[in-house]
Amino acid sequence: MTTGIWVLLFALALVGLLYKRANLIVATAVVAGIGIAAKLFGGAPAFSISMFVFAGVLAVLAIAPLRASIITRPIFGIYKKILPQMSDTEKTALDAGTVGWDGELFAGKPNWQRLFDLPKPELSAEEQAFLDGPCSELTSMINSWEIDHEKADLPKEMWQFIKDNKFFGMIIPKKFGGLEFSAQAQSAVLQMVSANSSVMSTIGVPNSLGPGELLLKYGTDEQKNHYLPRLADGREVPCFALTGPRAGSDATSLPDTGVVCKGEIDGKEVVGIKLNFSKRYITLAPVATVVGLAFRMFDPDGLIGDQEDIGITCALVPRNTPNMTIGRRHHPTGSPFLNGPIQGEDVFIPLDWIIGGKDMAGQGWKMLVECLSVGRCITLPSSGTGGAKYAAAATGAYARIRRQFNVSVSQLEGVQEALARIAGNSYIASAATTNTAAMVDMGEKPSVPSAILKYHLTEIGRSVAIDGMDVHGGRGVMMGPRNYIGRGYQSVPVAITVEGANILTRSMIIFGQGAIRCHPYVLPEMDAAQNDNLGEFDKALFGHFGFIFSNLSRSLVLGATGAKFTSSPVNGPTSKYYKQINRHIATFSLLVDAAMFSLGGALKFREMISARLGDLASSIYLTTMVLKHWENQGRIKEDLPLVEWACQKLANDYEEALDGLLKNLPNRPLAFVLRRITLPWGKTAKAPSDKLITEVSSLITNDTESRNRLVQGIYQGDSKVEGMENPIQVYNQLLAEADRAQPLYKKVSTAVKKDILNADLLHIEDRIKACAEKGVLTQEEADFMIDFEARVLDMLHVDDFEFDAIGTKPQSYDEYHAEVNAA
């Protein structure tokens with residue numbers, strides 16, 4: 001055999017070893033074996049010698065103590081010098097939460113069993129009864145015009161219903177009088193009540209980051225026994241005050257202070273805290289009876305210890321505490337849920353008002369980030385998912401019954417694009433919400449998935465709201481009691497902004513947390529360096545080297561073959577997407593290391609690079625959620641177009657982000673090499689085709705089981721508001737009859753084209769009657785169509801008002817316009 005063939009065999013063996021992540025002992029044996037075979041079967045002596053030398057090097061590397069002493073020690077010294085210092089707040093944020101399936105995104109080669117081990121999302125009988133009972137009843141009481149326009153608040157009977165049925169106590173254990181619902185049930189409740197964003201915010205906030213959750217995890221027994229039963233039944237209405245004029249997204253910079261000093265309570269001198277603070281954007285603050293307050297605590301006189309700057313601390317402050325100003329309101333865009341400022345000047349509180357007591361002083365930041373990793377993946381994502389489902393149900397049906405150019409507008413391809421985005425994005429949101437809630441119910445605190453969901457599902461909410469408004473046109477623009485979509489569109493910025501502004505979440509948090517938290521070797525390397533442990537550093541370092549070369553090999557092979565020959569954990573029509581994810585995870589893992597090694601500590605400040613890496617991770621995560629959702633629902637063939645649309649859209653997003661990353665990576669030679677490895681044939685992912693778009697849009701514009709599954713969990717029953725119908729219920733009825741109406745519309749249209757009807761019959765009702773008279777339609781068909789058209793027209797109507805009925809200080813027509821118009 002020629003030397004060239006032996007070199008080729010060696011190259012293939014090396015790629016195979018790396019691809020399979022063989023250990024150094026196996027690699028040594030394989031390389032030595034190639035050298036021996038080459039010597040025995042005619043290979044060039046130089047080649048055989050080089051193989052033996054290479055095998056010897058590998059053998060040395062396989063002896064950990066020798067490798068650590070000769071190779072790792074000098075690297076260890078350099079690493080410790082260049083390792084950027086991590087602040088306590090950064091370390092706390094990294095330590096918060098757990099790593100589950102999200103760790104596989106950074107693993108190079110995913111263990112799919114971890115995804116399939118997630119339980120199928122289910123509600124208990126008690127939780128389902130609550131959803132079918134109190135939750136449905138509450139939603140049936142919603143009159144959005146009254147809540148958002150007339151009262152700018154929930155009616156008193158709705159407030160009482162919420163308290164009586166313990167909606168504020170979903171996360172509170174039964175032993176404290178709460179409902180003790182699963183994350184899945186909390187999400188289901190919030191999705192249903194997202195029919196109105198003010199109702200959703202009122203219920204969502206007490207069950208998310210706030211006094212209830214903080215007390216559960218960190219409160220003293222005395223605090224729990226006092227507050228939790230009162231929070232559960234609504235005797236106490238909580239709010240949590242973190243944000244202020246100078247501390248928004250950078251919550252650790254809050255200037256609000258609490259100084260340990262002596263003061264008087266009930267006529268006795270005690271050691272306590274004097275608070276000075278200014279907070280804003282605090283949901284439920286105008287009506288809150290107890291305020292969870294975050295502040296920076298100081299002990300300048302050493303009254304409770306020898307530490308002057310104690311750090312961020314959380315305390316519970318009752319509403320009637322002297323010197324606290326509370327009760328004024330902000331006016332949030334589109335959704336006047338109760339939100340307002342709180343100020344305090346020299347507010348003196350006892351030490352035992354600190355959540356968890358004096359021992360938890362200075363632990364506020366840890367408390368907040370640990371709670372946020374759970375709450376952030378439930379409340380706002382559920383709101384976005386619920387809003388998307390309501391929009392899909394209403395917009396799909398509206399497009400079907402609305403006729404222009406003598407056809408249903410659902411047949412117009414431009415409209416179909418918007419409808420497909422609504423349906424496909426709703427499917428992505430539902431998949432991500434239910435599966436991530438399942439992780440929480442397994443005991444995980446998924447900090448990286450929570451950031452992915454917070455950003456992407458609120459962005460989906462924004463996209464769906466825009467598309468829904470575009471399809472509705474003037475029907476959505478004109479506000480009034482009949483408008484069921486306009487307020488949702490107007491209130492979108494609220495979800496985008498709160499609990500971590502989306503710009504910040506995308507550019508700093510998703511990848512910033514994931515790169516260290518989820519990477520299999522970076523955190524062990526950092527910990528070993530900080531603990532000055534050479535042995536652990538050696539183990540992590542050489543594991544990391546093998547990881548990089550393995551991902552390089554996998555990216556080369558999977559990129560060159562289009563991942564067509566890699567394995568898939570399932571068979572059938574979705575197997576190609578699992579193979580695609582195998583490739584994407586390999587390339588993403590390679591890119592993560594390339595970015596970290598080439599940019600070092602500067603990566604922390606290259607937010608556009610970080611954002612694109614976050615986009616790559618998000619696309620992978622959301623695709624896996626979609627695939628798991630399809631499995632959970634029983635691989636229903638009729639839903640496959642939704643799966644196809646979602647996976648193709650997300651794959652296209654992945655390659656767009658990858659292309660943008662490679663175009664902007666500062667090390668241009670490295671970017672050139674990475675492009676040849678990760679995109680050897682250029683961008684190959686295709687956006688959903690026109691044919692698929694039409695298929696997907698038809699699923700929500702027809703009375704299909706796929707539509708029913710997609711919008712499952714929203715309220716579709718009777719409205720309890722006098723004189724008002726539930727638009728979703730009406731649309732469901734019309735959609736069920738649309739197939740019967742369709743051929744009858746065609747008969748009428750044909751009669752017009754053939755001049756069977758008089759040309760002056762311009763109204764559809766007149767044409768239907770004329771068709772019955774001329775035998776084009778039977779009388780039964782005509783009666784059905786007259787009734788159908790009347791109900792359609794009723795759904796197309798918008799509101800109008802008296803001239804001076806709009807505005808808080810309106811001027812009448814006579815005050816100005818009558819005089820001007822007369823002149």
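Student: Which residues make the nonpolar surface patch of about 260 Å²?
Tutor: Ile49, Val53 and Val57 make that patch. Keep in mind that we're looking at a predicted model.

Student: Why is Val53 called exposed?
Tutor: The label exposed needs a relative accessible area over 50%. Val53 has 52%, so it gets the label. By the way, Val53 lies in helix H3, residues 45-62.

Student: What makes Arg421 and Asp467 a salt bridge?
Tutor: The cut-off is a side-chain nitrogen of Lys or Arg within 4 Å of a carboxyl oxygen of Asp or Glu. For Arg421 and Asp467 the closest N and O atoms are 2.8 Å apart, so the pair qualifies. This one links distant parts of the chain, with Arg421 in helix H17 and Asp467 in helix H18, 46 residues apart.

Student: Are those two partners buried or exposed, or in between?
Tutor: They get separate labels. Buried means under 20%, and Asp467 is at 5%, so it counts as buried. Arg421 has 32%, which puts it in between, so we say partly exposed.

Student: How many salt bridges does a search of the whole structure find?
Tutor: That search finds 23. One of the others joins Glu459 to Arg462, with closest N and O atoms 2.8 Å apart. Both of those residues lie in helix H18, about one turn of the helix apart.

Student: What makes the phi of Asp755 worth a remark?
Tutor: Most residues other than glycine have a negative phi. Asp755 isn't glycine, yet its phi is near 60°, a positive value. Asp755 sits in the loop between helix H31 and helix H32, and at 64% relative accessibility it counts as exposed, because that is over 50%.

Student: Why is Glu180 called partly exposed?
Tutor: Its relative accessible area is 46%, which lies between the 20% and 50% cut-offs, so partly exposed is the label. Glu180 also has a positive phi, near 55°, and lies in the loop between helix H10 and H11.

Conventions
Residues are numbered from 1 along each chain as its sequence is written. This is a predicted model: local features need pLDDT of at least 70, side-chain atom pairs count only at pLDDT 80 or more; totals for chains, interfaces and linings use all residues. Side-chain values use heavy atoms; hydrogens and water are left out. Patches are made of residues with over 30% relative accessible area and no salt bridge: like charges are joined within 9 Å, nonpolar side chains (Val, Leu, Ile, Met, Phe, Trp, Tyr) within 5 Å. Accessible areas come from the Shrake-Rupley method with a 1.4 Å probe; for residues, only the protein chains shown count as cover. Helices (H or I, at least four residues) and strands (E, at least two) are DSSP runs, numbered from the N terminus. Buried means under 20% relative accessible area, exposed over 50%, partly exposed in between (1.4 Å probe, protein chains only).
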